[in-house]
Amino acid sequence: MNRTFSQPFYLFLFLCLVLAIGFAGTTSVETPPRKNQTWLQQHREAAKTTVLLNNQQGLVPVKDLEQQIASVTIGAAHAAVFDSLLNKYTAVSSFSAPAVLTDSSLNSLNDDLKFYKTVLVQLPAAQLQQQKVVGFLQDLQKDKQLVVAVYGKPALLANAETLTAPLIWSEKETASTADFVAQLIFGGVAATAELDKTYSAKYAKGAGHKTQAIRLKYTVPEEVGISTNDLQRPIDSIAAEMIREQAAPGAVVLVAKDGKVIFNKAYGSHTYDKSRPTRITDIFDLASVTKVSATTMAVMELYEQQKVSLDAPFSTFIPSAEGTSKANISLRDILLHQAGLPAGVGLPLRAEDQRRTPAPGYSIKAGDSTFMRDTYFKEVVWPRMLSAKMGTAGQYIYSDLTMYFLKEVVERQTLTPLNELVQSNLYHPLGMQTAGFLPLSRFEKSRIVPTEVDHGFRKELLQGYVHDGGAARLGGVSGHAGLFSTANDLAILYQMMLNRGTYGGVQYFQPETVQLFTSKQSAVSRRGLGFDRWDPDTTKGYPSKLASPQTYGHTGYTGTCVWVDPRHNLVYVFLSNRVHPKVSNKLLSLNIRPRIQDAIYKAIEKGATAGKNAGAKPAQP
């Protein structure tokens with residue numbers, strides 16, 4: 001009987017395995033660097049001996065992540081590792097062939113795969129001695145994009161002569177080779193090896209296709225010259241302090257260096273009752289990280305398409321602004337928070353503006369028992385924003401109104417809701433599986449980290465509903481808040497930015513556009529266009545004392561941040577729910593986010609110093 005295993009099942013098995021082999025990026029206990037060095041050496045050996053064959057069409061690495069992809073194991077020993085790594089790149093459904101193979105069972109498995117465009121099959125080489133298995137693969141390659149991973153004696157490659165699909169061969173069947181092959185399929189690592197002997201007319205000495213790494217690699221700190229202990233010990237200590245001082249009940253920290261995820265660890269629990277431990281796959285309310293991860297990037301796209309001019313008056317794009325004090329402000333000044341817009345406006349709630357149950361004219365869902373009047377935005381929010389009293393133009397005032405306004409610009413120019421636009425143009429193509437608005441429509445509530453107990457507006461624990469009250473009044477989709485994501489998804493998005501607009505072999509933004517929006521663009525503030533940046537006033541130590549002047553990113557009110565430092569080729573993601581069960585400023589007063597960021601820089605510097613000393617010539621007598 002065929003069994004389909006869920007992603008959480010494989011994730012559980014994988015986490016158990018990495019605890020055993022010491023994969024520091026996901027362990028929950030300290031891992032000695034020696035074990036990581038062993039793992040890294042095994043991975044390097046896999047790189048030297050894993051050969052990519054039959055890749056004339058360039059199917060590997062798989063570039064299209066918007067298709068249905070299945071992974072099938074036929075007796076492979078490390079399917080859990082293989083499938084878990086695959087699912088870091090995109091959603092992959094897992095299937096397992098029965099222990100006793102028959103033509104009937106393989107035909108049934110083939111039927112289960114009918115909706116999948118790409119099928120990834122891994123098996124021991126001995127399975128190729130069974131004609132029924134070879135026939136199964138031959139059938140798949142007729143109408144699927146098939147990739148076959150084979151582990152075992154190279155002499156058995158002769159049994160794969162009839163396969164035209166890409167074939168990845170590795171002599172050893174270990175957790176490390178399964179890890180490497182999975183990452184090779186999606187371009188986390190490159191194929192460089194060749195066959196060292198001739199095994200058949202088709203698989204001759206020197207055969208082997210070369211590829212390039214095009215996506216994040218998942219590895220250990222030692223690969224980039226950092227000791228796991230130097231990185232993990234201080235982060236563990238600061239995270240423990242955060243939980244002990246009730247600055248936040250839990251958090252996830254991710255570090256990507258040189259295009260490699262070297263640390264990804266969860267701390268604490270969803271709530272202080274510790275009923276659900278935080279996991280690296282948990283989904284957090286990003287708050288104002290939405291501003292740069294959704295709205296600003298949508299504006300970047302419109303800028304490249306020449307659908308907006310940064311210096312054109314706001315009323316050029318929003319006719320209802322004509323005749324108001326907002327008519328002549330420019331998109332550039334809006335992005336820089338120096339258009340004179342106030343920090344915010346009051347959004348009153350009258351009894352007739354909301355209902356506790358859905359009713360005709362009340363379809364905008366702000367909470368489990370809060371339904372907003374459909375005309376609330378048009379009749380209350382928008383008029384109040386257009387009539388809000390202006391401050392002095394040219395002065396820096398951080399304002400949420402900026403992104404309310406830019407969301408309207410984006411949607412009018414694209415004729416598409418912001419949430420749908422960023423999903424289709426960025427998140428889905430990049431392989432971001434969780435990032436997006438309205439997470440309750442896509443995921444179980446238990447996977448979403450709760451924020452505040454809202455005693456006023458919605459009168460409930462907010463879990464899966466946006467924390468920000470203004471965004472909630474719009475139904476959870478706004479330009480300034482409403483985005484939810486895992487740390488891994490944010491790492492993918494900002495590795496694309498660090499790559500100057502390229503990821504997975506696709507150019508999402510031109511390098512010049514990334515440079516323009518992320519570099520300092522104001523004479524009165526540290527800001528880029530939409531993006532927050534390093535503060536030249538070093539007494540502030542923002543975003544951290546050791547961050548370079550090139551650093552850009554954003555923080556979020558719920559206790560989140562993402563920072564990109566091009567000088568150090570670094571992406572740092574911190575996700576927490578510091579507003580649970582009520583708003584607390586301890587995360588800020590304890591400098592949790594900046595101190596963790598500085599701990600990363602110190603580990604990098606210590607590793608660089610150790611590397612220089614190790615490579616130094618001994619002094620002459």
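The legends below describe close-up views of a predicted model. Because the model is predicted, local features need pLDDT of at least 70 and side-chain atom pairs count only at pLDDT 80 or more, whereas totals for chains, interfaces and linings use all residues. Residues are numbered from 1 along each chain as its sequence is written, and side-chain values use heavy atoms, with hydrogens and water left out.

**View 1. The largest nonpolar core, with 122 residues.** A nonpolar core is here a set of buried Ala, Val, Leu, Ile, Met, Phe, Trp, Tyr and Cys residues joined through side-chain atoms within 4.5 Å, where buried means under 20% relative accessible area, exposed over 50%, and partly exposed in between, with a 1.4 Å probe and protein chains only. The members that touch the most other members are Ile-185, Phe-186, Met-297, Phe-314, Tyr-494, Met-496 and Met-497. Helix α14 (residues 487-498) supplies the largest share of this core, nine residues; helices (H or I, at least four residues) and strands (E, at least two) are DSSP runs, numbered from the N terminus. Another core, of 35 residues, lies apart from it and includes Leu-113, Leu-123, Phe-136 and Leu-163. In soluble globular proteins, nonpolar side chains tend to be buried together.

**View 2. The surroundings of Met-297.** When neighbours within four places in sequence are left aside, Met-297 is in contact (heavy atoms within 4.5 Å) with Val-292, Leu-426, Leu-493, Tyr-494, Met-496, Met-497, Phe-509 and Phe-531.

**View 3. Salt bridges, of which the whole structure holds 22.** A salt bridge is defined as a side-chain nitrogen of Lys or Arg within 4 Å of a carboxyl oxygen of Asp or Glu. Lys-142 counts as exposed at 68% relative accessibility, while Asp-139 counts as partly exposed at 33%. In the pair of Lys-257 and Asp-258, the N to O distance is 2.9 Å; Lys-257 counts as buried at 11% relative accessibility, whereas Asp-258 is partly exposed, with a relative accessible area of 30%.

**View 4. The salt bridge between Arg-332 and Asp-311.** The closest N and O atoms of Arg-332 and Asp-311 are 2.7 Å apart. Because Arg-332 lies in helix α9 (residues 331-335) and Asp-311 in the loop between α8 (289-304) and α9, the pair ties together parts that are 21 residues apart in sequence. Arg-332 is partly exposed, with a relative accessible area of 24%.

**View 5. An open sheet of three strands, in the order β12-β14-β13.** Pairing in this sheet is antiparallel, two strands being taken to pair if DSSP finds at least two bridges between them. Strands β12 (354-355) and β13 (364-367) are the edge strands, each of which pairs on one side only. Three bridges join β13 to strand β14 (residues 370-372) in the antiparallel sense, and Ile-364 has Met-372 in β14 as its bridge partner. A network of salt bridges links Arg-350, Glu-352, Asp-353, Arg-373 and Glu-379.

**View 6. Strand β22 and its two hairpins.** With β23 (residues 570-576), β22 runs antiparallel and is joined by six bridges, and here Trp-563 stands opposite Tyr-572. Four residues lie between β22 and β23 in their hairpin, and Asn-569 in the turn has a positive phi of about 55°.

**View 7. The largest pocket, with about 840 Å³ of space.** On a 1 Å grid over the protein atoms alone, a pocket is an open set of points where a 1.4 Å probe fits, with protein on both sides within 12 Å along at least five of seven lines, and lining residues have an atom within 4 Å of a point. Grid points are joined across faces, edges and corners, and the volume is the space filled by probe spheres set on the points. The lining consists of 40 residues, of which Tyr-542, Thr-555, Gly-556, Leu-588 and Arg-593 lie nearest the centre of the pocket. Two or more lining residues come from each of α7 (228-244), β21 (552-556), β22 (560-565), α16 (586-589) and α17 (592-615), and α17 gives the largest share, eight residues.
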